[in-house]
Every structure is written in structure tokens, then in C-alpha cells.
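Please look through the sequence and the model shown here before reading on.

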Amino acid sequence: MKPYSHQLLSRVSGAMVYIAEWDKFIERSIELFRADPESTRYVMKYRHCDGKLVLKVTDNRECLKYKTDQAQEAKKMEKLNNIFFALMARGPDVDISEVTGKEQIDAQPTKKGRGRKQ
């Protein structure tokens, strides 16, 4: 007899941990990714009806979650996205101290002029 999906999940997944401090969540998420980059994933879930954003990082053994209803924390989420983009694109050993949020994008020079070059 095959186990029910919830039975399978309870055996495969580890403890689900909500972390209240943002800096702790980032630190533990990066540690989790660096320990097993092949199976770690990062998920964002926004529930408009509640106005809540839940960020989840898991490697199927440990599950870290951060929940907020504060709109001003969007910049923090953007920084975490950039950190994970750097880790996934450049490898888990990349120096993330140089990864920033929107200010890095704004610092790039903009192109002047319009249309195609003739």
C-alpha cells in the first residue's frame, strides 16, 4: 500500500521553522543554500486577501520561513532575491557582501537618445 502524500511529506521534510528576525533568516538561508545548492529552493508566496508575504527556503530536510505584513520590507526581499541570484548564477562560494538591492541597479548609467542607430 502506498503512503498518503501527507505521510510521505512528514517523513521527508524536516521541521518548519518561522524565523522572526530578518537578519537571522538571511544568514540561515544562505547557510542552507551553501550546504546543498542542488536541492535548495527559495519560494515567495503573497496572499493578497491577508496582505501577508511568506518567504520560504528549504532543502527538503530543513524548512525556514519568514512572514511579514509590512510593505516596507519589499526592499529587504529584493536584496534577498539578488543574493540568491548571485549564489545560483556564480556559485555558492561567491562573496555576497557586494550584493545589494535597488541602489546597485540605479547606479548604472542610462542610455541616452531614442530609437535605433541609423
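This is a predicted model: local features need pLDDT of at least 70, side-chain atom pairs count only at pLDDT 80 or more; totals for chains, interfaces and linings use all residues.

Leaving aside the neighbours within four places in sequence, Lys65 is in contact with Met16, Val17, Tyr18 and Ile19, with Phe25, and with Val54, Leu55 and Lys56. Tyr42, which is 23 residues away from Lys65 along the chain, has its C-alpha atom 9.9 Å from that of Lys65.

Tyr18, a contact of Lys65, has Lys67 lying over its face, at 5.0 Å from the ring centre. Phe25, also in contact with Lys65, belongs to one aromatic cluster together with Trp22 and Tyr66.

How many aromatic pairs does the model hold? The count comes to 5. One of them joins Trp22 and Tyr66, whose ring centres are 4.9 Å apart and whose planes stand at 70°, so this pair is edge-to-face, the class for planes over 60 degrees apart. Trp22 lies in helix 2, which covers residues 22-35, whereas Tyr66 lies in strand 4, which covers residues 63-68, so the pair ties together parts that are 44 residues apart in sequence. Both partners are buried by the same cut-off of under 20%, since Trp22 has a relative accessibility of 10% and Tyr66 has a relative accessible area of 6%.

Helix 2 also takes part in a further pair, between Phe33 and Phe84. The centres of these two rings are 5.9 Å apart, with 85° between the planes, and this pair is edge-to-face as well. Phe33 lies in helix 2 and Phe84 in helix 3, which runs over residues 74-90, so here the parts that are tied together are 51 residues apart in sequence. Phe33 and Phe84 are both buried.

Asp59, which is 24 residues from Ala35 in sequence, is 9.3 Å from Ala35 in space, C-alpha to C-alpha.

Conventions
Residues are numbered from 1 along each chain as its sequence is written. Side-chain values use heavy atoms; hydrogens and water are left out. Rings of Phe, Tyr and Trp (its six-membered ring) pair if their centres lie within 6.5 Å; planes under 30 degrees apart count as stacked, over 60 as edge-to-face and the rest as tilted. Helices (H or I, at least four residues) and strands (E, at least two) are DSSP runs, numbered from the N terminus. Buried means under 20% relative accessible area, exposed over 50%, partly exposed in between (1.4 Å probe, protein chains only). A charge sits over a ring if NZ of Lys or CZ of Arg is within 6 Å of the ring centre and within 35 degrees of the ring normal. Contact means heavy atoms within 4.5 Å.
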